[in-house]
Each structure stands twice: as structure tokens, then as C-alpha cells.
Amino acid sequence: MDALKMPASRKDGSSAGIGIVVIGRNEGKRLLNCLRSVKDHSRHVVYVDSGSSDGSVDAATSLCARVVCLDMTTPFTAARARNTGFHALMQIRPETEFVQFVDGDCRLDPKWLDEAATFLAAHPDLALVFGRRREIYPNVTIYNTLCDREWDGPAGEAIECGGDVLIRTSALKDVGGYLDDLIGGEEPELCVRLRTAGWKIWRLPVEMTRHDAAITRFSQWWRRSVRCGHAYAQVSSLHSRSPFRIWSRNVRRSVVWGGLIPFIAVGGCALHPASLALLAIYPLQVIRLARRATAEDPIRWQQAAFAVAGKFPEFQGIVQFHLNRLLGRHQILIEYKEPLPALDQPCRLG
């Protein structure tokens with residue numbers, strides 16, 4: 001497909017038809033920073049809270065057009081929060097043409113909305129656009145650095161997106177919104193249905209949001225990777241017959257590297273201890289991945305090591321999904337982020 005050209009950014013109020021949905025749970029000051037980043041559009045902002053206990057609801061009440069608290073008797077997910085926020089926005093502003101979804105741990109770039117809305121309006125075959133999400137503190141920990149790289153990608157037509165997107169309301173209605181019961185991977189899953197319906201997804205080469213992963217410990221990285229594996233299994237299972245075959249390769253890789261090889265190596269000890277030599281394939285894989293990276297890359301060895309190590313928690317998540325499905329259980333949200341100190345009182349935007 002030929003590359004689409006970005007029209008010049010407009011200064012004529014191109015964001016007038018945009019509504020904003022922010023979702024969060026115990027984001028503390030991160031939420032306030034998020035709401036400050038959208039303060040010029042505060043009349044059109046809906047905040048959806050998923051059972052926060054840090055004062056987020058009180059703090060957001062005076063800053064948004066509407067604050068919605070999810071009914072916690074039903075398992076909450078980011079997908080359910082986004083759908084709830086979208087429906088609330090449609091009630092107060094039914095004429096909204098585009099909706100910007102923002103996670104509560106992100107700050108919106110001040111130039112993003114006008115540029116993204118201009119581009120989306122100029123290309124009616126696009127369902128949504130998204131840009132570069134960056135980490136606020138990419139160099140504090142290796143985990144933050146890895147997240148910052150994870151968000152990067154080439155501009156142009158894409159097959160999936162993350163949580164921060166500017167989406168056409170007609171497209172979201174066309175496919176029935178996000179799937180409420182997905183605990184992860186709801187955005188790429190949405191993209192599968194959008195593409196099946198004939199819509200296109202586009203990544204723009206512009207700054208969009210600043211994200212605060214706040215991953216400081218290995219255990220947090222592990223839980224995030226478990227959630228990733230669960231999402232791989234659940235979404236690929238939903239679309240196993242789709243021509244897009246989303247994440248089927250990811251599942252196979254995680255099963256082989258995180259489960260099958262260790263099982264053969266350790267289980268083979270019953271026949272001969274030499275089977276443990278099969279485990280040498282892991283450092284060899286790290287070497288192979290590191291040598292594929294640019295020699296000047298300062299973290300190519302760390303990135304390769306985490307790419308290989310990540311197959312183990314991903315496999316755990318895959319097993320959890322299939323075990324829960326077999327037993328008829330619902331997987332609760334897998335959270336990795338530590339909550340910030342509670343907000344003492346409502347804060348107003350300055």
C-alpha cells in the first residue's frame with residue numbers, strides 16, 4: 001500500500017469534535033498529570049475509575065465533564081472501562097466524531113490531538129491512528145528502557161495498536177467496542193475485528209503520549225510478562241480461524257521456549273543426564289539475538305536476555321488461560337504496577 005501523506009496541521013479547531021476517555025486505577029499523581037495534559041479539552045473528558053482507593057475519584061471530579069465508577073461486583077478490565085467511558089461520552093456529546101483513549105498513567109502530547117484528528121479526518125478508510133508512546137523515565141531501570149523500545153515501531157499501516165489511540169466513533173460502534181472480558185490484549189483484538197470489517201490502522205511518526213511504567217523490580221516485570229502470555233493465548237484462541245492469525249506465532253514460541261524445551265531437558269534426565277545439555281540452547285539464543293542487534297546498541301545483551309527469559313512467564317500466562325478455561329474459572333486482572341501514595345484532597349488544574 002502506498003504511504004499516506006500527513007496533511008499540514010490545522011489551527012482551526014480540528015479537535016472540536018474530539019472527546020477524551022481516561023481510564024485508571026490507583027494512579028495517584030500520575031492521573032493528575034494525565035488530566036493536566038488534557039486540560040484544554042476538560043469539558044469533553046470522561047474519567048472511568050476501576051475501584052481506586054487512593055482518592056483518584058475525588059481528585060478527578062472537579063477536573064472532568066463526568067467521572068464514572070465501575071461496578072466492582074463485576075470483574076473489571078481496561079476494556080470494560082473504555083467501553084463504559086465511551087458510552088458515557090456519547091451520552092453527553094453524541095456528536096463526537098473521534099475519541100481519544102488515554103491510560104491514566106500517560107500524559108498526552110500537546111500537539112497530538114490536532115495533528116492526529118487532521119490526519120484521521122483526511123483518510124476516511126482509517127479506523128484509528130496512534131503515534132509514538134514514550135516512557136517518561138526510560139533510563140531509571142532496564143525494565144522502563146525495554147518498555148520504551150516496545151512502544152516504538154515504523155510509521156505507516158499497522159496490524160495492532162496499544163491503549164492510547166484516536167479512534168473514529170463510527171468505527172468503534174461498527175464492531176461493537178472492546179471485548180469486556182479480556183484482561184489484556186484488548187486493543188490488538190479490536191484491531192482484528194476492525195480490519196476484518198474493512199478498516200485500516202495507522203501509526204503516525206509523531207509524539208503521542210508519555211507513559212510511566214514504574215517497573216523497578218524483577219517481580220513486576222515477571223507479572224507483566226505473565227499477563228502478556230495470557231493475552232497471547234486468549235486473543236489467539238478467539239481468532240484461531242481468522243486469516244490474520246493474530247499472536248499464534250507468539251503462543252508457539254512461548255510454548256516451545258518456555259515449556260517444551262525445559263520439559264524435554266529435565267524430563268529426559270530419567271533416561272540420561274546428558275539431556276540437560278539441551279538447556280545450553282538458551283544462552284546460544286541470547287547470543288544469536290544480541291548479534292542481530294546493532295553493535296552500537298548499549299543494551300543489546302540485556303534486551304536479548306530478557307527476550308529469552310520472557311518466554312517463561314509468558315508460558316505461565318498461557319497455561320493459566322487454558323487451565324482456567326478447562327475449569328470454567330475467570331482470570332482476574334494481573335496487575336504489576338505498585339500504587340502511588342494516596343491523594344490527600346481534590347486537586348484543581350492550574
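Mentor: Let's start with a definition: a disulfide is a pair of cysteine sulfur atoms within 2.5 Å. The model is predicted, so local features need pLDDT of at least 70 and side-chain atom pairs count only at pLDDT 80 or more, while totals for chains, interfaces and linings use all residues. Residues are numbered from 1 along each chain as its sequence is written, and side-chain values use heavy atoms, leaving out hydrogens and water.

Trainee: Got it. How many disulfides does that rule give?

Mentor: The count comes to 0.

Trainee: Let's move to helices. At what angle do H9 and H12 pack?

Mentor: At about 100°, with the axes of H9 (residues 248–267) and H12 (residues 311–327) 8 Å apart. That makes the two helices roughly perpendicular. Helices (H or I, at least four residues) and strands (E, at least two) are DSSP runs numbered from the N terminus. Axes are lines fitted to C-alpha atoms, for helices over the stretch in contact, and angles run from 0 to 180 degrees between N-to-C directions. Under 35 degrees counts as roughly parallel, over 145 as roughly antiparallel, 65 to 115 as roughly perpendicular, and the rest as oblique.

Trainee: Which residues make the H9 and H12 contact?

Mentor: On H9 they include Val251, Trp257 and Pro262, and on H12 they include Phe312, Phe315 and Ile318. Contact means heavy atoms within 4.5 Å. By class, the contact of H9 with H12 has 7 nonpolar, 3 polar and 3 charged residues. Here Ala, Val, Leu, Ile, Met, Phe, Trp, Tyr, Cys and Pro count as nonpolar, Asp, Glu, Lys and Arg as charged, and the others, Gly among them, as polar.

Trainee: How do H8 and H12 cross?

Mentor: The axes of H8 (residues 218–238) and H12 come within 6 Å and cross at roughly 50°, so the pair is oblique. The crossing is right-handed; a crossing is left-handed if the near helix is turned anticlockwise from the far one by less than a right angle, and right-handed if clockwise. Among the contact residues are Trp221, Trp222 and Ala233 of H8, with Phe312, Ile318 and Phe321 of H12. The contact of H8 with H12 divides into 10 nonpolar, 9 polar and 2 charged residues.

Trainee: What does alanine 233 touch?

Mentor: Leaving out residues up to four places away in sequence, alanine 233 touches Val251, Ile318, Phe321 and His322. This H8 residue is buried, at 2% relative accessibility.

Trainee: Back to H9: how does it meet H10?

Mentor: The axes of H9 and H10 (residues 281–292) come within 12 Å and cross at roughly 150°. Trp257, Ile261 and Pro262 of H9 meet Ile281, Tyr282 and Gln285 of H10. That contact has 5 nonpolar, 1 polar and no charged residues.

Trainee: Now the loop between H8 and H9. What is the phi of arginine 245?

Mentor: Arginine 245 has a positive phi of about 50° although it is not a glycine. Tryptophan 247, in that loop too, has a positive phi of about 65°. Most residues other than glycine have a negative phi.

Trainee: Which of those is buried, and which partly exposed?

Mentor: Tryptophan 247 is buried at 13% relative accessibility, whereas arginine 245 is partly exposed at 41%.

Trainee: One more loop. Where does leucine 182 lie?

Mentor: Leucine 182 lies between H6 (169–174) and H7 (186–196), and is buried at 0% relative accessibility. Among the residues it touches are Thr77, Ala79, Val235 and Leu238.

Trainee: Last one: what covers the buried residues of H11?

Mentor: The cover includes H5 (142–150), H8, H10 and H12. The buried residues of H11 (residues 300–309) are Arg300, Ala304, Phe306 and Val308.

Conventions
Buried means under 20% relative accessible area, exposed over 50%, partly exposed in between (1.4 Å probe, protein chains only).
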